[in-house]
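Trainee: I would like to learn how to read a few features of a protein model. Can we take them one at a time?

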Amino acid sequence: PMYYKGWYHFFYQHNPEAAVWGNIVWGHAVSRDLINWFYLPHALVPDHWYDIGGCFTGCATFLQNGSIVMLYTGATKDKVQIINQASPANLSDPLLINWVKSDGNPILVQPPGIGLTEFRDPSTAWLTSTGSWRFTIGTKNNNTGISLMYETKDFSKYTLLDERLHEVPHTGMWECVDLYPVSLTSMNGLDTSVNGPQVKHVLKASIDEQQRDYYAIGSYDIQKDVWTPDDPDVDVGLELRYDYGRFYASRTFYDQKKQRRVLWGYIRETDSEDSDRKKGWACLQAVPREITLDNKTNANVIQWPVKEVETLRSNKKEFSKVKLGAGSIVPLDVGKTAQMDITAEFEIDKNALEGVKGGDVRYNCTTSPGASARGALGPFGLLVLANDDRSEQTAVYFYIAKGTDGNLKTFFCTDQSRSTKATDVRKENYGTKVRMLDDEKLSVRILVDHSIVEAFAQGGRTVITSRIYPTEAIDGTARVFLFNNATGIGVTATSVKIWEMDSSSMKFYPGITTI
C-alpha cells in the first residue's frame with residue numbers, strides 16, 4: 001500500500017481464475033479516500049522464470065529523487081522463493097498502471113543455510129544517515145523466526161549484513177516482517193526512515209505456522225542494525241498480536257498526506273473451499289486502521305478505523321444508561337440492518353463488584369463456553385447479526401475475573417458458536433486479556449458488515465476480527481441486543497451509539513472494463 005499523487009494505491013495477492021489459492025498475481029486498486037475504490041489492471045503477473053510460480057508479497061519504497069522501487073517475492077516453477085524488483089513505467093501517471101520488471105531479476109536469492117521456500121517478503125526500505133538503504137526479509141532456521149538485514153545504495157547491488165535485525169526461538173517462519181517508527185510525543189505517524197530519542201520501533205512478524213500477526217515494541221539501533229524489545233518477555237511471537245481473530249499478513253504504510261501510519265490486513269475464510277468456489281470469492285481486506293503507540297502505556301499499539309469510514313454513517317440512534325440486570329437481554333430498536341458502526345461504554349456496580357468473592361482468575365476466551373456461560377462478573381456486552389430468537393448471533397463481550405487478592409483481570413472476547421446455522425464453518429471463540437487503566441470505562445467499537453465483525457476494545461488497545469456466515473440474521477433481519485450474563489453484578493450501558501452504514505463503492509476505473 002502507498003499514497004502517490006493524490007491516490008491511495010493498494011496492491012494485493014489475487015487469483016483471477018478461481019476462489020482458491022493459486023496463480024497468484026498482483027491486483028491493483030486506487031482510491032481517493034481509502035473507502036471507495038477503483039480496480040485497475042493487474043500490476044504484476046507471473047510471466048518470467050523467476051516468478052512463474054506466483055508474484056507474492058513485497059513493498060514499495062519512495063526514493064529521494066521521487067522514483068519508486070517495488071521489491072517482491074517471486075516463486076519459480078519449483079516454488080523456490082527469490083526476490084525481484086519492479087518500477088513504474090511512467091512516474092507522471094498518478095494511477096501507476098504499468099509496471100516494468102528489472103532486467104537484473106532476481107536481485108536476491110537465499111543465503112547459505114536458508115531453505116528454498118523460506119525466504120520471502122521484503123519490507124519497505126529505510127534510509128540511513130550514510131545515504132544507504134536497508135530492508136528486512138523474513139525466514140527461519142529450524143524453528144527460530146529470523147529477520148535478515150540487507151543494504152543497498154542504489155537498488156542495483158545488495159549486501160546481506162552480518163547482523164540479523166532480530167530472531168526469536170520457537171516462533172517458526174516469519175513472513176511479512178514490518179519495522180516502523182512510532183512517536184513517543186505525538187499521535188502523528190512517522191516516515192519509515194525516522195529515528196531518534198523520541199521514537200520507538202514496532203517489529204511485527206506474521207507467523208506462518210500459526211497464521212497470526214505478532215508484534216512487540218522496542219528500539220532499533222541503526223549503527224548496530226539490530227532491534228531490541230523493551231521487554232524480552234513480550235518479544236515478537238510471544239504475546240502481543242495486532243488482532244486476536246481472523247487477521248493476517250498485514251502491512252503498514254506511511255500516509256504522507258495525513259501524516260499517519262495505516263495498517264492493512266486480510267481476513268481469511270472459515271468456511272469450506274467448496275463453499276468458496278460456489279460463492280465465487282474468498283478472503284477480503286479489513287477496514288484500513290490508523291496505528292499509533294498507546295501513549296497511556298507505551299507498551300502496545302492502538303488501532304482504530306481510519307476516519308474516512310465515518311463518511312458512510314447515517315441514521316444515528318443513541319441509548320443512554322441502559323440498565324442490565326444479572327441474566328438480562330435488552331433489544332435495541334435500531335431497525336434491522338447488517339451494516340452498522342457501534343460504540344458502547346459500560347459501567348459496573350462497584351458495590352456489587354467489591355462484594356463478589358475472588359478466585360475466578362483462569363478465564364480463557366478461546367476455550368470457554370462463550371457468552372452463554374455464566375460467571376460472577378461476566379460475560380456482558382452486545383449481540384450483533386442476531387435473528388429475532390437469537391438462534392443466530394455473534395457475541396462481543398467483556399468478562400471480568402477477580403483473584404483472591406481482589407485484583408481484577410478484564411477479558412475481551414467474541415463468541416461465534418451461534419454465528420450461523422451453516423454446518424461447514426469453523427465456529428471459534430476469540431479473545432484475550434485487555435489492559436485496563438485506573439478509572440477507565442469499558443468501551444468497545446464494532447464495525448458490522450454482513451459477514452464481518454471488527455471489534456475494538458479500549459480505544460483500539462485490543463482488536464478482534466470475526467469472519468462469519470449468518471444464514472438468517474442477514475440484511476433486513478439482523479438485530480442488535482445488549483446482554484449481561486453475569487450472576488453477581490449489574491451492568492449499565494452508559495452510552496450506546498449506533499449508525500447505519502452505507503456501502504462503499506468498488507468498480508472499474510472509467511475506461512477500464514477488465515483487469
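**Reading the features**

Mentor: Start with a charge over a ring: Arg313 lies over the face of Trp499, at 3.6 Å from the ring centre. Keep in mind that this is a predicted model.

Trainee: Which ring does the charged end of Arg390 sit over?

Mentor: That of Phe481; the charged end is 5.6 Å from the ring centre.

Trainee: How is a pair of aromatic rings described?

Mentor: Two values are used, the distance of the centres and the angle of the planes. In this model the count comes to 30 aromatic pairs. In one of them, Phe135 and Tyr158, the ring centres are 5.9 Å apart and the planes stand at 80°. An angle over 60 degrees counts as edge-to-face, so this pair is edge-to-face.

Trainee: Where do Phe135 and Tyr158 lie?

Mentor: Phe135 is in strand 11 (residues 133-141), and Tyr158 is in the loop between strand 12 (144-152) and strand 13 (159-160). The pair therefore ties together parts that are 23 residues apart in sequence. Both residues are buried.

Trainee: What is the geometry of the pair Phe380 and Phe398?

Mentor: That pair is tilted, with 6.1 Å from centre to centre and 35° between the planes. Phe380 lies in strand 27 (residues 380-386) and Phe398 in strand 28 (residues 394-402), so parts 18 residues apart in sequence are tied together. Phe380 and Phe398 are both buried.

Trainee: Which residues do ring pairs link into a cluster?

Mentor: Phe119, Trp133, Phe135, Tyr150, Phe155 and Tyr158.

Trainee: Now a single residue. Is Ser443 buried or exposed?

Mentor: The cut-off for buried is under 20% relative accessible area. Ser443 has 19% relative accessibility, so Ser443 counts as buried. Ser443 is placed in strand 31 (residues 442-449). Leaving aside neighbours within four places in sequence, its contacts include Ala344, Glu345, Phe398 and Phe456.

Trainee: And sheets? How do strands of a sheet pair?

Mentor: Through backbone hydrogen bonds, either parallel or antiparallel. Here, five strands in the order 1-2-3-4-36 form an open sheet with mixed pairing. Strand 1 (2-4) and strand 36 (506-508) are at the edges and have a single partner strand each, so one side of each has no neighbour in the sheet. On average, neighbouring strands of this sheet are turned by 40° against each other, direction ignored.

Trainee: How many bridges join strand 1 to strand 2?

Mentor: Three, and the two strands run antiparallel. Tyr4 stands opposite Trp7 in strand 2.

How values were computed. Residues are numbered from 1 along each chain as its sequence is written. This is a predicted model: local features need pLDDT of at least 70, side-chain atom pairs count only at pLDDT 80 or more; totals for chains, interfaces and linings use all residues. Side-chain values use heavy atoms; hydrogens and water are left out. Helices (H or I, at least four residues) and strands (E, at least two) are DSSP runs, numbered from the N terminus. Buried means under 20% relative accessible area, exposed over 50%, partly exposed in between (1.4 Å probe, protein chains only). Contact means heavy atoms within 4.5 Å. Two strands pair if DSSP finds at least two bridges between them. Axes are lines fitted to C-alpha atoms, for helices over the stretch in contact, and angles run from 0 to 180 degrees between N-to-C directions. Rings of Phe, Tyr and Trp (its six-membered ring) pair if their centres lie within 6.5 Å; planes under 30 degrees apart count as stacked, over 60 as edge-to-face and the rest as tilted. A charge sits over a ring if NZ of Lys or CZ of Arg is within 6 Å of the ring centre and within 35 degrees of the ring normal.
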